[in-house]
Amino acid sequence: MQSALERTGTAIYVMDNNSNYVDREEIIGFDALYDSMMKSKKGVTWKGSVAHYVLNSMEETYKLSEELEKGTYKARSTTQFKITSPKPRDIISTCFRDRVYQRSLNDNALYPIMTKQLIRDNWACQKGKGTDDARDRMKIFLQRMYRKYGTDFYGLQCDIHGYYPNMRHDLTKELFRDKLDDWLYEQTATVLDGQYAGDVGYNPGSQMIQIAGITFLSEYDHMMREQTEAEDYGRYMDDSTLFHPSKEYLENLKLINEKYLASRGMEYNSKKTKVFSIKEGFTFLGFKYRLTDTGKVIMTVSSEKVKERRRKLRKLVRKAKRGEITKAKVDDCYQAWRSHASKGNSFHLIRRMDKFYKSLWNDQETEVTDNEN
């Protein structure tokens with residue numbers, strides 16, 4: 001069905017290609033923008049520009065709504081800066097006013113429309129999903145495969161090199177063009193073109209880019225689920241895993257997929273993409289998965305992540321002792337890791353790490369081994 005605009009009374013509705021109506025008032029109306037402002041201000045009201053907008057929220061929101069309705073709205077210049085952790089990355093920062101509008105656009109239109117096409121086991125950046133859901137589903141996958149094949153099966157784990165930096169702009173906008181009405185697409189393309197120059201590459205910090213990121217390989221997901229013999233396929237952004245009883249089949253599938261990804265401007269990370277026997281185990285979202293001969297799924301924190309956390313804790317404790325940060329902040333950081341580790345079979349590791357963390361404050365650092373969990 002062709003997308004169309006329909007006027008009912010005084011409300012204008014935008015019809016997407018799946019015949020679902022989106023009231024434009026729910027995107028650029030005062031109530032929608034005010035609600036977006038309330039969400040966007042959380043944790044950033046200490047900034048002067050945000051505080052000014054919030055203190056004058058009624059007037060600022062009304063002005064923004066009027067500009068959007070009349071077509072006179074113009075986004076302001078963005079600010080670019082670099083971060084180094086967890087890895088070097090360029091960040092684009094938008095002013096609070098533009099962030100309010102973009103959040104309303106994303107929450108009230110783009111997210112609900114674009115996520116309809118996604119498979120169940122596309123796990124990233126969606127309500128009700130995320131890392132916990134992905135790990136739970138991976139356990140279910142392994143248990144189902146065990147009931148069919150015991151431990152005599154294989155996995156294909158694929159990791160894409162430079163996922164966001166290699167996303168082609170034309171293909172990304174085509175994703176939105178296929179699903180959105182003319183007006184919605186125009187708003188979306190204007191934001192993308194205004195914030196990202198060139199033909200290739202996006203920054204993953206933007207909510208709109210996160211939506212693009214989870215949908216960019218949706219066609220690939222459907223091919224894996226519906227057009228191959230592979231069983232129990234799932235993807236978390238650029239990291240996907242599937243299983244099959246034949247190693248040869250997965251090796252051939254890997255080559256076929258490589259050609260498809262090349263057509264989308266993507267390529268495998270050769271160090272992380274492999275066909276493996278389930279008896280070897282594999283790493284997924286920070287945990288090492290092993291399947292025992294009795295069908296029990298064991299999840300342990302990878303030794304690299306444990307070493308990385310220990311190094312970070314040492315640095316943070318030193319900073320706290322110098323008075324650069326508070327002990328409470330370091331405690332929060334450690335508790336966050338502890339909560340993460342508790343998702344797996346990490347009882348003994350957590351006890352050792354508790355002892356290690358306590359020793360850092362007492363200047364009596366203890367040794368923590370990584371081969372037990």
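**Close-up views of a predicted model**

**View 1. D133 and its contacts.** Leaving out residues up to four places away in sequence, D133 touches R120, W123 and G128; contact means heavy atoms within 4.5 Å. D133 sits in helix 6 (residues 131-149). Helices (H or I, at least four residues) and strands (E, at least two) are DSSP runs, numbered from the N terminus. D133 counts as buried because its relative accessibility is 14%. Buried means under 20% relative accessible area, exposed over 50%, and partly exposed in between (1.4 Å probe, protein chains only). This is a predicted model: local features need pLDDT of at least 70, side-chain atom pairs count only at pLDDT 80 or more, and totals for chains, interfaces and linings use all residues. Residues are numbered from 1 along each chain as its sequence is written, and side-chain values use heavy atoms, with hydrogens and water left out.

View 2. Helix 4 covers residues 57-70. At 1.5 Å a residue, its 14 residues should span 20 Å, and the end C-alpha atoms are 20 Å apart, which agrees. The expected span is 1.5 Å times one less than the number of residues. S57, E60, T61, L64, S65 and L68 are buried in helix 4. Down the helix axis, these buried residues fall within an arc of 130 degrees, so they line one face. The arc is that of the directions from the helix axis to the C-beta atoms. An α-helix has 3.6 residues a turn, so residues three or four places apart point the same way. The buried residues of helix 4 pack against helix 1 (25-28), helix 2 (30-40), helix 3 (48-55) and helix 5 (96-114). On the other side, M58 and K70 are exposed. Just after helix 4, G71 takes a positive phi of about 80 degrees.

View 3. D232 is not a glycine, yet its phi is positive, about 50 degrees. D232 lies in strand 7 (residues 231-236). Its relative accessibility is 16%, so D232 counts as buried. M237, also not a glycine, has a positive phi near 55 degrees. M237 belongs to the loop between strand 7 and strand 8 (239-244). M237 is buried, at 10% relative accessible area.

**View 4. Y289 in the largest nonpolar core.** A nonpolar core is a set of buried Ala, Val, Leu, Ile, Met, Phe, Trp, Tyr and Cys residues joined through side-chain atoms within 4.5 Å. The largest has 97 residues. Those with the most contacts inside it are Y163, F176, Y220, F243, F282, F284 and Y289. Helix 5 gives the largest share of this core, nine residues. Neighbours within four places in sequence aside, Y289 is in contact with R135, M138, L142, G281, F282, F284, V297, I298 and M299.
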